[in-house]
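Colleague: I am new to this structure. Could you walk me through it in short steps?

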Amino acid sequence: ALAYLNGDADDLRGNKNNTYVYLMPYGEGAKLYLIPTDNDQSIGAAERDYRQTNPTGHRGAKNNPFDTKTGHGDSSDCLILSKTIYDESSTQIRNDYLNKVHQVLEGDWFKPAKFKNYYDAAYANYNDLTVLGTNVNGTQNNFSFTDDTNPATGWALDVSTYLNLKEATFNDWCLSNGINF
């Protein structure tokens, strides 16, 4: 659910990578945890070459919860997802997934003010250790944040625009599919 809301084109939903899989095998209570890593192309961000990192043209903000074309232009054939949330016969799994997305959206975690609090805390903790636009090995990666909210030309959506578009997309999809919470 969080990976969907995060909108990263370079994750398990998109390029089928940058995700650790952890299985907690306890009989009937067995759970599979998907732990995303490398979230540099999420919540509306993208690199300058947006054809590579913004294949949908809207930074992932308008992907529906079951959209399989979220990566670099290809449909996801990720086996874990095709056997769970993408499988229309997996009704319970799909309903649980939609309920989790809804729960996150109903809380304050996905609200711009809450995100800003997290961002400010991270910035205060790591500002002296990082340089925007510089990779770990010191090379430039040409990444930049911007307030340009035109997805066709801008590198990134501002956070408020992304969060609001993603929530509206999810709510509209649920409404058009007769799903009420």
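Modeller: First, a term: a charge sits over a ring if NZ of Lys or CZ of Arg is within 6 Å of the ring centre and within 35 degrees of the ring normal. This is a predicted model, where local features need pLDDT of at least 70, side-chain atom pairs count only at pLDDT 80 or more, and totals for chains, interfaces and linings use all residues. Residues are numbered from 1 along each chain as its sequence is written, and side-chain values use heavy atoms, with hydrogens and water left out.

Colleague: Which residue lies over the face of Y4?

Modeller: The distance to the ring centre of Y4 is 4.1 Å. The residue lying over that face is K166.

Colleague: And which ring does the charged end of R94 sit over?

Modeller: The charged end of R94 is 3.7 Å from the ring centre. The ring belongs to F66.

Colleague: In what order do the elements of the protein chain run?

Modeller: Helices (H or I, at least four residues) and strands (E, at least two) are DSSP runs, numbered from the N terminus. The protein chain has 6 helices and 2 strands. From the N terminus on, the order is α-β-β-α-α-α-α-α.

Colleague: How are the rings of F170 and F181 paired?

Modeller: Rings of Phe, Tyr and Trp (its six-membered ring) pair if their centres lie within 6.5 Å; planes under 30 degrees apart count as stacked, over 60 as edge-to-face and the rest as tilted. The structure holds 6 aromatic pairs. In this one, the centres are 6.1 Å apart and the planes are at 25°, so the pair is stacked.

Colleague: How many residues apart are F170 and F181?

Modeller: F170 is in helix α6 (residues 159-176), and F181 is in the segment after α6. The pair links distant parts of the chain. The separation is 11 residues.

Colleague: Is F170 buried or exposed?

Modeller: Buried means under 20% relative accessible area, exposed over 50%, and partly exposed in between (1.4 Å probe, protein chains only). F181, at 44%, is partly exposed. F170 has 0% relative accessibility, so F170 counts as buried.

Colleague: Why do the buried residues of α6 line one face of the helix?

Modeller: The buried residues are Y162, L163, K166, E167, T169, F170, W173 and C174. The arc is that of the directions from the helix axis to the C-beta atoms. Seen down the axis of α6, the buried residues line one face because they fall within an arc of 155°.

Colleague: Which residues are exposed on the other side of α6?

Modeller: The buried residues of α6 have cover that includes α1, α4 and α5 (112-126). On the other side, the exposed residues are L175 and S176.

Colleague: Within what arc do the buried residues of α4 fall?

Modeller: R94, Y97, L98, V101, H102, V104 and L105 are the buried residues of α4. They line one face of the helix, seen down its axis, because they fall within an arc of 160°.

Terms used: Contact means heavy atoms within 4.5 Å.
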